[in-house]
Amino acid sequence: MKIYQTAMTPSCRRVSIFLKELQVEVPREELNVRAGDNLTDEFAAKSVNGRVPLLELDDGTTICESVAICRYFDEITKSDKGLFGTNAKEKADVEMWHRVVEFQGLYAGFQAFRNLTSIYSDRETCVYDWGVESKERLVQFLPQLEQRLAESDYVASSRFTIVDITTFILIGFAQNGLEIEVLATYPNINRWFDLVSSRPSFQ
Ligand SMILES: N[C@@H](CCC(=O)N[C@@H](CS)C(=O)NCC(=O)O)C(=O)O
């Protein structure tokens, strides 16, 4: 098996941190998505969404979408770390917060970056105003996250879960990719960010 990735991209980093948490090593093939390595017919034939990360299994079948890849490894390793939750309520909370953080935070952030920078104008129509609006939606989501982390040590549960990995990727992307000053503005996000950053898998 192997993972096709562009290591520095947020979605690939999300999978890499998750695999480190599970202490699973998977061979990688590095692609340059900015140069269009994912736009070839060969890659399109392997991937439903045409993006990285993409997991290729030994039988030649493939899985795209970073959360689907994480879930696959969580299942096959029979992990007892409960990164997707342990009981009915916690699993539902993980699912709920994961969707909230992805749809209101990460997806908005990606749309902001792609449309403000026109980084992928060779493959999609970039709409600057949609970038501005998407960035604003992400900015408006941050107080909700701050409130949650004022009440809970971690985002979805009282323990570390996959949602903390996704949220860590989101905050790093907001700070560095979109120049939103998150950590200096929100003390509880800052407290949580220090907590998760100290985990070996985040180094
Ligand atoms: N929802 C997907 C997002 C994948 C994604 O957008 N990957 C980006 C890198 S972070 C990519 O492949 N970009 C190249 C392109 O859009 O052509 C996931 O979680 O895997």
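Predicted model: local features only at pLDDT ≥ 70, side-chain atom pairs only at ≥ 80, totals over all residues.
Two strands are taken to pair if DSSP finds at least two bridges between them. I3 has L55 of β3 as its bridge partner. Strand β3, covering residues 54-56, is in turn joined to β4 by 3 bridges, and these two strands run antiparallel. Within that pairing, L54 faces C64 of β4.

Put together, these strands give an open sheet of 4 strands in the order β2-β1-β3-β4, and the pairing is mixed. The edge positions go to β2 (28-30) and β4 (62-64); each has a single partner strand, so one side of each has no neighbour in the sheet. Ignoring direction, neighbouring strands are turned by 20° against each other on average.

Helices come next. Helix α1 (residues 10-22) packs on the sheet, where it touches β1 (2-5) and β2, and its direction makes about 145° with that of β1. Helix α3, made of residues 66-76, lies across β1, β3 and β4 and runs at about 125° to β4.

I63 is found in β4, and, leaving aside residues up to four places away in sequence, I63 touches L54, L55, L57, A68, I69 and Y72. K78 is another matter: I63 and K78 are 15 residues apart in sequence, and their C-alpha atoms are 18 Å apart in space.

A couple of backbone details turn up in the loops. Most residues other than glycine have a negative phi, and most peptide bonds are trans. Against that background, the peptide bond from V52 to P53 is cis, with omega near 5°. P53 belongs to the loop between α2 (41-46) and β3. Q23 is not a glycine, yet has a positive phi of about 55°. The loop that holds Q23 is the one between α1 and β2.

At the level of the whole chain, the protein is divided into domain 1 (2-76) and domain 2 (88-202). The centres of domain 1 and domain 2, taken over C-alpha atoms, are separated by 21 Å. Across the boundary, 18 residues of domain 1 are in contact with 22 residues of domain 2.

On the α1 side the contact uses P10, S11 and R14, and on the α4 side H98, E102, L106 and F110. Sorted by class, the residues of this α1 and α4 contact are 3 nonpolar, 2 polar and 2 charged.

Two further helix pairs involve α5. The axes of α5 and helix α6 (residues 162-177) come within 12 Å and cross at roughly 135°, and α5 and α6 are therefore oblique to each other. The crossing of α5 and α6 is left-handed. From α5, the residues L138, F141, L142 and L145 meet T167, L170, I171 and A174 of α6. The class count for this contact of α5 with α6 is 7 nonpolar and 1 polar, with no charged residues.

The other partner is α7. Helix α5 (residues 128-151) and helix α7 (residues 187-197) pack at an angle of about 65°, and their axes are 7 Å apart. Angles of 65 to 115 degrees count as roughly perpendicular, and α5 and α7 are therefore placed in that class. Their crossing is left-handed. The contact draws on L142, L145, E146, L149 and A150 of α5, together with P187, N188, I189, R191 and W192 of α7. In class terms, the contact of α5 with α7 holds 7 nonpolar, 1 polar and 2 charged residues. L142 and L145 of α5 turn up in the contact with α6 and also in the contact with α7.

Key: Residues numbered from 1 in each chain as written. Heavy atoms only, no water. Axes fitted to C-alpha atoms, helices over the stretch in contact; angles between N-to-C directions. Parallel < 35°, antiparallel > 145°, perpendicular 65-115°, else oblique. Left-handed = near helix turned anticlockwise from the far one by under 90°. Contact = heavy atoms within 4.5 Å. Nonpolar A, V, L, I, M, F, W, Y, C, P; charged D, E, K, R; others polar. Domains from an automatic or database assignment.
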